[in-house]
Amino acid sequence: MASKVAMKIQWFPGHMAKAKKEILKNIKLVDLVIEIVDARCPFSSTNYDIKKDLQNKSKIIIINKIDLVEQKMLDEFIKQNSDTEIILMSLKDSSNIKSKLNAVVKKACSQILDKRKEKNIINTKIKAMIVGMPNVGKTTLINRYINKNLLSTANKPGVTRQAIWINASDELDLLDTPGISMPSFINDKMAENLAMIGSINDEIINIDEVVFSFLEYCKNNYEENIINRYKLKNNFDSSLSNIETISIYDAIAQNMNCITNKKIDYTKCAKLILTDFRNGNLGKISLDESEFLK
Ligand SMILES: Nc1nc2c(ncn2[C@@H]2O[C@H](COP(=O)(O)OP(=O)(O)OP(=O)(O)O)[C@@H](O)[C@H]2O)c(=O)[nH]1
Ligand SMILES: [Mg+2]
């Protein structure tokens, strides 16, 4: 690998097209849509395709995985979605998921509940459909809400393959749906960000290139994070922003012993960096640049 080359990432396999149909079919049956995005790149992990179809429905947004970012990096996203109830969550470690979600659901569905009251309908249970890009934590939300590991989850995309209704509490029925990507992403940056957070199958991306772009981004925005993790102080004595990205990649590969047959093994190094990023070992890194959608 010599430098970054233009890449076109697309990932919309058959099961997603099927899942999208299932979601559209269920719209009429639900009172509320719960959209989940990943805090590391809330703009890039919004599904703009599905959003259009769901625009007439009551909706709340959960920004999940806030344990992996600085909260101030979410301000712009929150500002741009000020017409929607937003909940910040870390499903990894926060408690009170149930009461937190119930309170916001009640608020978002107040008109629906008032109408039912007017018509003397006693049923106050809300039917909510959870949607979002792959791997953002949709299924984990249900497991945490019911306080049981009922449904399978894993840190890779495409774990949930079938929509399933869960009778979650007296207040809520929750529909878990398979993560859905977009038939074409808005730009390369969006695709790269989704690849970094594990929302696109690793097998269909060139991880060496995705990680190259990530290092380029880090050298300009998060240089301390990579200097500390990969002991780059000994390699460079100026700011990383003045260094060619490929030289940084080489230094990390050498320091982390990613050498195969006496040659730099970029793929081994990319895998290591990806795993470090995804597990939070690089510290708190936000990927969306503020001008993402401009
Ligand atoms: N660090 C962190 N990890 C989380 C959080 N919430 C969920 N995860 C992890 O994210 C991964 C994906 O979670 P899932 O619930 O399977 O995601 P999903 O959206 O249902 O994924 P698909 O079914 O593949 O679309 C799992 O490894 C979870 O443990 C969080 O708040 N913080
Ligand atoms: Mg799932």
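The charged end of Lys127 sits over the ring of Trp165, 4.8 Å from the ring centre. Lys189 does likewise with Tyr217: its charged end sits over that ring, 4.4 Å from the centre. The model is a predicted one, and every value in this report is computed from it. The two charge-over-ring placements are listed below.

| Charged residue | Ring | Distance to ring centre |
|---|---|---|
| Lys127 | Trp165 | 4.8 Å |
| Lys189 | Tyr217 | 4.4 Å |

Leaving aside neighbours within four places in sequence, Asn26 is in contact with Trp165, Met129 and Leu175.

**Domains**

The domain assignment divides the chain into domain 1, residues 14-176, and domain 2, residues 206-278. Their C-alpha centres are 36 Å apart.

Thr139 belongs to helix α6 (residues 138-146), whereas Thr160 is in the loop between α6 and β5 (164-167), so the pair ties together parts that are 21 residues apart in sequence. Both threonines, Thr139 and Thr160, are buried.

Burial extends through the helix that holds Thr139. Of the 9 residues of α6, 7 are buried, so the helix is largely enclosed by the rest of the structure. Besides Thr139, the buried residues of α6 are Lys138, Leu141, Ile142, Asn143, Tyr145 and Ile146. The elements against which these buried residues pack are the strands β1 (32-38), β2, β4 (126-132), β5 and β6 (172-176), together with helix α4 (97-108). Just after α6, Asn147 adopts a positive phi of about 60°.

**Lys59 in strand β2**

One of the elements packed against by α6 is β2, and this strand, residues 58-64, contains Lys59. Is Lys59 buried or exposed? The relative accessibility of Lys59 is 18%, so this lysine counts as buried, the limit being under 20%. The side chain of Lys59 is joined to that of Glu35 by a polar contact of 3.0 Å. Not counting residues up to four places away in sequence, Lys59 touches Glu35, Leu32, Val33, Lys51, Thr84 and Glu85.

**Aromatic pairs**

Across the whole structure, a search finds 5 aromatic pairs. In one of them, the rings of Tyr249 and Tyr266 have centres 4.9 Å apart and planes at 80°; an angle over 60 degrees counts as edge-to-face, so the pair falls in that class. The pair links distant parts of the chain, with Tyr249 in helix α10 (residues 245-255) and Tyr266 in helix α11 (residues 266-278), 17 residues apart.

Both partners are on the buried side of the cut-off. Tyr249 has a relative accessible area of 0% and is buried. Tyr266, at 14% relative accessibility, also counts as buried.

Key:
Residues are numbered from 1 along each chain as its sequence is written. Chains are lettered from A and ligands numbered from 1 in the order in which they are written. This is a predicted model: local features need pLDDT of at least 70, side-chain atom pairs count only at pLDDT 80 or more; totals for chains, interfaces and linings use all residues. Side-chain values use heavy atoms; hydrogens and water are left out. Rings of Phe, Tyr and Trp (its six-membered ring) pair if their centres lie within 6.5 Å; planes under 30 degrees apart count as stacked, over 60 as edge-to-face and the rest as tilted. Helices (H or I, at least four residues) and strands (E, at least two) are DSSP runs, numbered from the N terminus. Buried means under 20% relative accessible area, exposed over 50%, partly exposed in between (1.4 Å probe, protein chains only). A charge sits over a ring if NZ of Lys or CZ of Arg is within 6 Å of the ring centre and within 35 degrees of the ring normal. Domain bounds come from an automatic or database domain assignment. A polar contact is a pair of N or O atoms within 3.5 Å; within protein, one must be able to donate a hydrogen and the other to accept it, and residues adjacent in sequence count only if both atoms are side-chain atoms. Contact means heavy atoms within 4.5 Å.
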